[in-house]
Each structure stands twice: as structure tokens, then as C-alpha cells.
Amino acid sequence: MLNHPMLITPHTSFAVLALIALSSHGANAEEASPRNCDTPWANHGVSEATIVYGADELIPPGEGPFLPMDEVRNTPAYRALAFDFFEARFGVAFDVNNPGIQIAVDASGRVAEMQPIKFGLGSTHQVYAIDAQRIPRWRHRMPMTNVALRDDGYFVFIGADGFEVNGTYGGEAGVTLPAGTVVLLGEYRMFDENDELMDTLRYFSDQPAFAVVDPGAPLPTTLFTITCKVQSEIFGEGQVGALGQLVALEDGSTDLDFRYTLRFPARIRDSGLIRPRCKPARALE
């Protein structure tokens, strides 16, 4: 029902009738159910930029999937960055002067192993799509194909008996992480088709990742679930989520299949450019 009289004649156009109907529907909807538009933009899943990438290939014996990090990458400064994070977030300490594999022991004598690694020579991540259209300076400029991500970092693997962590994650009381848990800090370096560095994206475990053995698989198979925060020189702060598997084949090669989605949330100052996606407020039943 309209809130004001309006004369509708046989000559009234279809467009006018449509506007009248929309106006009436909006008024009734507003009266029947008030809109709740106070939710922060970050909760609507709107992203300024999304990068989808992964790896799907057969890695020959001796080439991965994990190899020792290159010496030129495994620097004291990079180790200090990673080890400071591990100690602050999880209360696990490592020696910054040691460039190799290290062992940490908790109060119960359980162990965790830290490895400086890179993905194997044959497993450079391929970027499948980049959506950066919400960023004006990158609109129509970001290459969509022939983009690669090279991955190296410091991975802490929790042993078979579990491991107690503290820091800001576990607190003073501590939290025992189960076997198969992984915490990590590393870098993706994005290269274009001319092998020029485009961006450095640093990832780190705000919460643990998990690597578990599939008990029903015909071949030794490890399944990965990864969620990390990420910082990009181009896109700012975001989050990366990944699912993957490693299958150890009988000839010593590895079948690797990973898929990642990296998202950078919309900034509040830009939200006026996008129509709000508010849901009607409903009473609890």
C-alpha cells in the first residue's frame, strides 16, 4: 500500500508502474522488518583482492616436495623474524645462529622439529587468477597468467606425542598441540613472466595448521589444512587458506596437489562505493 495517493491511468508507463511497485515494496519491507546495516564490512566477505594459486604436479625423486632452504634466503635476519614470532606466539625458542634443523623440548620432554625449507624444484606455485579490480591503481594492470609464487619458510613440526605451547596462543597454562600440527612463517615471492619480482607475501601461523596421514589411502598420503595471516607489499594484510595432499609413490616421486585462496578484505573507507549487503533483523524464535 502506498503512503500517499497517486493517480494511475491507462496511459501510465510500465517504467512508472515498476517504480511505484518498488517504492511500495521498500516501504512495506522497512515497516515490517528494519534493516541491520551496522555490521562491519569485514564480516561481509567483500575483498579488494583475491589471489587463487596452487600446485598440481609430479615431483621426481630427490627434488622435493620439501628441500633445505637456499643459503641466500636462510639469513640471520630472516631467521630472527621467524624465531621471534614462534617464541612470542607459541613460546617455542630456537637459536638464530643455527641455520639448520633444530629441536625444541617442552616441559614434559616432548619434541618439536623446526626445518628451514623450500618447496621442491618442480613445485613452484602457479597463480591461476588475480582479482584486483577494486584497487584503482591495479585495475587492468595485474597480469593474469604466467605468474609464479616461490615458497620458502620455517616450519615447526609437532612430534608423535604432541607438544605444549605457551606464548600468546597457549597462555601461561599452556595448550598441547596434537601430533601432525605445524606452525610456520615464510614468504611467497611472486614473479612475472619475465622472472621479475612483483611482490613479496609473508605468511605466518596465527593458529596451527594440520598435516595428517590418510589411513585409508592405498599409498602413503598426507593431507594438509592451512590457515595463515599474510602481509603483502602491494595488497596489505589478508588471510590465506589452503587444502592439499602429498602422495608418496612407489618409485620415490611425490604427487603434489595444493590449492590456495588468498584474500585481502575491503577497507572501510572504500565501502561507500559498494552497495551494502544488509540482512533484515529478525526476532529470535
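Select helix H2, residues 76–90. Helices here are DSSP runs of H or I with at least four residues, and strands are E runs of at least two, both numbered from the N terminus. At 1.5 Å a residue, the 15 residues of H2 should span 21 Å, and the end C-alpha atoms, 20 Å apart, agree with that. The expected span is 1.5 Å times one less than the number of residues.

This is a predicted model: local features need pLDDT of at least 70 and side-chain atom pairs count only at pLDDT 80 or more, while totals for chains, interfaces and linings use all residues. Residues are numbered from 1 along each chain as its sequence is written, and side-chain values use heavy atoms, with hydrogens and water left out.

**Stay on H2**

Colour Tyr78, Arg79, Ala82, Phe83, Phe85, Phe86, Arg89 and Phe90: these are the buried residues of H2. Look down the axis of H2: the buried residues fall within an arc of 155°, so they line one face of the helix. The arc is taken from the directions from the helix axis to the C-beta atoms. Buried means under 20% relative accessible area, exposed over 50%, and partly exposed in between (1.4 Å probe, protein chains only). Turn to the other side of H2 for Pro76, Ala77 and Asp84, which are exposed. Step just past H2 to glycine 91, with a positive phi of about 70°.

**Follow Arg89 out**

Arginine 89 is buried, at 17% relative accessible area. Show its salt bridge with aspartate 206; the closest N and O atoms are 3.5 Å apart. A salt bridge is a side-chain nitrogen of Lys or Arg within 4 Å of a carboxyl oxygen of Asp or Glu. The pair links distant parts of the chain, 117 residues apart: aspartate 206 sits in the loop between S11 and strand S12 (209–213). The structure holds eleven salt bridges.

**Strands S7 and S10**

Next, pick aspartate 152 and arginine 189, a salt bridge with closest N and O atoms 3.8 Å apart. Aspartate 152 lies in strand S7 and arginine 189 in strand S10, so the pair ties together parts 37 residues apart in sequence. Aspartate 152 is buried, at 3%. Arginine 189 is buried too, at 19%.

Move to arginine 150 and aspartate 195, whose closest N and O atoms are 2.5 Å apart in a salt bridge. Aspartate 195 is found in the loop between S10 and strand S11 (197–204). Check its backbone: phi is positive, about 65°, although aspartate 195 is not a glycine.

**Tyrosine 53**

Select tyrosine 53 in strand S2 (residues 47–59). At 0% relative accessibility, tyrosine 53 counts as buried. Which residues surround it? Leaving aside neighbours within four places in sequence, the contacts of tyrosine 53 include His125, Tyr128, Leu149, Tyr188, Phe258 and Leu262. Contact means heavy atoms within 4.5 Å. Histidine 125 is 72 residues from tyrosine 53 in sequence, yet 6.5 Å away in space, C-alpha to C-alpha.

**Two last stops**

Go to glycine 64 and proline 65, joined by a cis peptide bond with omega of about 15°. Proline 65 is in the loop between S2 and strand S3 (66–68).

Finally, zoom out. The protein chain has three helices and 16 strands. Buried residues make up 38% of its 285 residues.
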